[in-house]
Amino acid sequence: EDDEKKQIEQIGDNPKLSAEERLKFARMSIQAQWYDLAEKILKRSSAMPESKDISYYVLARVSEMKNQQNEAIDQFQQVLTGPFHVLSQIRASTLLTDKKRYDEALTVLSRTQPTDEADRKQILRAKIDVMNRSKHFKESLELLNEKMATQPNDVESFYVKSPIEEQWDQ
C-alpha cells in the first residue's frame, strides 16, 4: 500500500501530467483515503486553468471528508464557472448556514450565476432554506410570493409555501 502511494505521489509530481490524469490520480488517492496526497495533487491541478473549477470542487469535498468545514467553504467558493459552479455555491451556503452565518450564506447565493431555470430553482430553494433556518419567515414568503406571481402554475412553490406559513403563524 505504501509503495502504491509513493508511486502515485511520484506520478502526481510529474509536471507533464495532464489535468485529466491529475484528477484521475487524485480520485484514486481519495478512494484509498489518502486525503493529504489527494489534496497535494488537486492543489497542483487547481493551478491549471482547464481543471481549476473541478479541482476546487473535489478539494472542497476532501475537506468535508476531513471535517474541515471552513476550508471546504473557501474551496467551494473558488468554483467560479462550469458545471459545478451552482452546486458548489449552494454547498458553501449550506455549510455557512449550518454555522449560523446566514448573511454570508445569502451573499454567496446572490453571487451565484445560474445557467438555466433548474439552477434558478435550486438557488431560490437554497435562499428560502437559509431564510427559514434563520427564522426570517416573512422574507422567505415574500421571495416565494414574488416567484409565484411570475410562475403561478409552479406547484412546487405551493408545496414549499405551506410549511413556511405554518411556521410564521406560530
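Arg-120 and Glu-117 are joined by a salt bridge in which the closest N and O atoms are 3.3 Å apart, a salt bridge being a side-chain nitrogen of Lys or Arg within 4 Å of a carboxyl oxygen of Asp or Glu. Both residues belong to helix 8 (residues 117–133), where they are three residues apart, about one turn of the helix; helices (H or I, at least four residues) and strands (E, at least two) are DSSP runs, numbered from the N terminus. This is a predicted model, in which local features need pLDDT of at least 70 and side-chain atom pairs count only at pLDDT 80 or more, while totals for chains, interfaces and linings use all residues. Residues are numbered from 1 along each chain as its sequence is written, and side-chain values use heavy atoms, with hydrogens and water left out.

**Salt bridges**

- Arg-120 counts as partly exposed at 41% relative accessibility, and Glu-117 likewise counts as partly exposed, at 34%; buried means under 20% relative accessible area, exposed over 50%, and partly exposed in between, with a 1.4 Å probe and protein chains only.
- Salt bridges that share partners also join Asp-36, Glu-39 and Lys-66 into one network.
- Within the whole structure, the search finds nine salt bridges.
- One of them pairs Lys-40 with Glu-9, with 3.0 Å between the closest N and O atoms, and this pair links distant parts of the chain, since Lys-40 is in helix 3 (residues 35–46) and Glu-9 is in helix 1 (residues 2–12), 31 residues apart.
- Both partners of that pair are partly exposed, Lys-40 with a relative accessible area of 33% and Glu-9 with one of 29%.
- Another salt bridge brings together the side chains of Asp-36 and Lys-66, at 3.0 Å from N to O, and it too links distant parts of the chain, with Asp-36 in helix 3 and Lys-66 in the loop between helix 4 (52–65) and helix 5 (69–77), 30 residues apart.
- In this pair Asp-36 counts as exposed, at 56% relative accessibility, whereas Lys-66 is partly exposed, with a relative accessible area of 25%.

**Overall architecture**

- The protein chain has 10 helices and zero strands, and its pattern read along the sequence is α-α-α-α-α-α-α-α-α-α.
- Of its 170 residues, 42% count as buried.
- Among the contacts in the protein chain with a separation of 6 or more, 46% are accounted for by residues 24 or more positions apart, where contact means heavy atoms within 4.5 Å.
- The protein chain exposes about 10,200 Å², of which carbon and sulfur atoms supply 48%; accessible areas come from the Shrake-Rupley method with a 1.4 Å probe, and for residues only the protein chains shown count as cover.

**Packing of helix 4 and helix 6**

- Two packed helices are described by the angle between their axes and the distance between the axes.
- The axes of helix 4 and helix 6 (residues 85–98) come within 11 Å and cross at roughly 30 degrees; axes are lines fitted to C-alpha atoms, for helices over the stretch in contact, and angles run from 0 to 180 degrees between N-to-C directions.
- Helix 4 and helix 6 are therefore roughly parallel to each other, given that angles under 35 degrees count as roughly parallel, over 145 as roughly antiparallel, 65 to 115 as roughly perpendicular and the rest as oblique.
- Where the two helices meet, helix 4 contributes Tyr-57, Arg-61 and Glu-64, and helix 6 contributes Leu-87, Ser-88, Arg-91 and Leu-95.

**Phe-76 in helix 5**

- Phe-76 is found in helix 5 and counts as buried, at 0% relative accessibility.
- Leaving aside neighbours within four places in sequence, Phe-76 is in contact with Tyr-57, Ala-60, Arg-61, Glu-64, Ser-88, Gln-89, Arg-91, Ala-92 and Leu-95.
- Phe-76 and Asp-53 are 23 residues apart along the chain, and their C-alpha atoms are separated by 9.0 Å.

**Positive phi in loop residues**

- Asn-67, in the loop between helix 4 and helix 5, has a phi near 65 degrees, a positive value in a residue other than glycine, and this residue counts as exposed at 63% relative accessibility.
- Lys-100, in the loop between helix 6 and helix 7 (102–111), also has a positive phi, near 65 degrees, and is a residue other than glycine; Lys-100 counts as exposed at 60% relative accessibility.
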